[in-house]
Amino acid sequence: RERNAKIAMQAAEYRERVGEMEAVDFRGQFAKLQARAGTAYRKAGVQAGTGTPLRVLAENANEAAKQVQRIQTTAVAEAGRHREQARHERVAGQLALLTGQQQAAAYRTRGQADLFGGLGSLLFSAAQYSRYTDIGQIG
């Protein structure tokens with residue numbers, strides 16, 4: 001179970017790294033898109049830094065920021081699920097260990113009770129034998 005927990009923790013760390021890389025990749029792609037849009041405005045003879053083109057570029061930037069936030073939130077949530085799985089594996093392992101220890105203790109107790117019960121039967125039989133031999137009934 002500890003091995004499964006370590007694997008889940010590694011998966012969580014990996015998911016966070018992948019999320020960071022996805023966000024970086026998205027930002028790079030968005031920067032290219034934004035640059036192409038600005039170039040298209042300028043080629044059309046429109047100033048990209050004023051009026052409607054500026055609002056469009058600003059809106060695109062806002063949407064891009066939201067998308068980056070969604071990417072990061074998804075990565076964090078998935079990493080959290082992996083960490084929760086790791087905790088679950090550790091608790092399940094500890095529970096299995098405790099259950100095994102309890103069973104071992106129960107078997108030891110039962111074995112000791114059987115041993116003392118057998119010893120009691122042996123002593124009772126020895127006492128009976130001794131009584132019969134004293135009376136002269138046996139031997």
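Reader: Which residues in α1 are buried?

Author: Buried means under 20% relative accessible area, exposed over 50%, and partly exposed in between, with a 1.4 Å probe and protein chains only. Among the buried residues of α1 are Ala5, Ala8, Ala12, Arg15, Val18 and Phe30. This is a predicted model, where local features need pLDDT of at least 70 and side-chain atom pairs count only at pLDDT 80 or more, while totals for chains, interfaces and linings use all residues. Residues are numbered from 1 along each chain as its sequence is written, and side-chain values use heavy atoms, leaving out hydrogens and water.

Reader: How many residues does helix α1 have?

Author: Helices are DSSP runs of H or I with at least four residues, numbered from the N terminus. Helix α1 covers residues 2–43, which is 42 residues.

Reader: What do the side chains of Arg15 and Glu22 form?

Author: Side chains of opposite charge can pair when their charged atoms come close. A salt bridge is a side-chain nitrogen of Lys or Arg within 4 Å of a carboxyl oxygen of Asp or Glu. Arg15 and Glu22 meet in one, at 3.6 Å from N to O. Arg15 is buried at 12% relative accessible area, whereas Glu22 is partly exposed at 34%.

Reader: Which residue does Arg83 pair with?

Author: Arg83 forms a salt bridge with Glu16, at 3.1 Å from N to O. That pair links distant parts of the chain, with Arg83 in helix α2 and Glu16 in helix α1, 67 residues apart. Arg83 is partly exposed at 23%, and Glu16 is partly exposed at 28%.

Technical notes. Helices (H or I, at least four residues) and strands (E, at least two) are DSSP runs, numbered from the N terminus. The expected span of a helix is 1.5 Å times one less than its number of residues.
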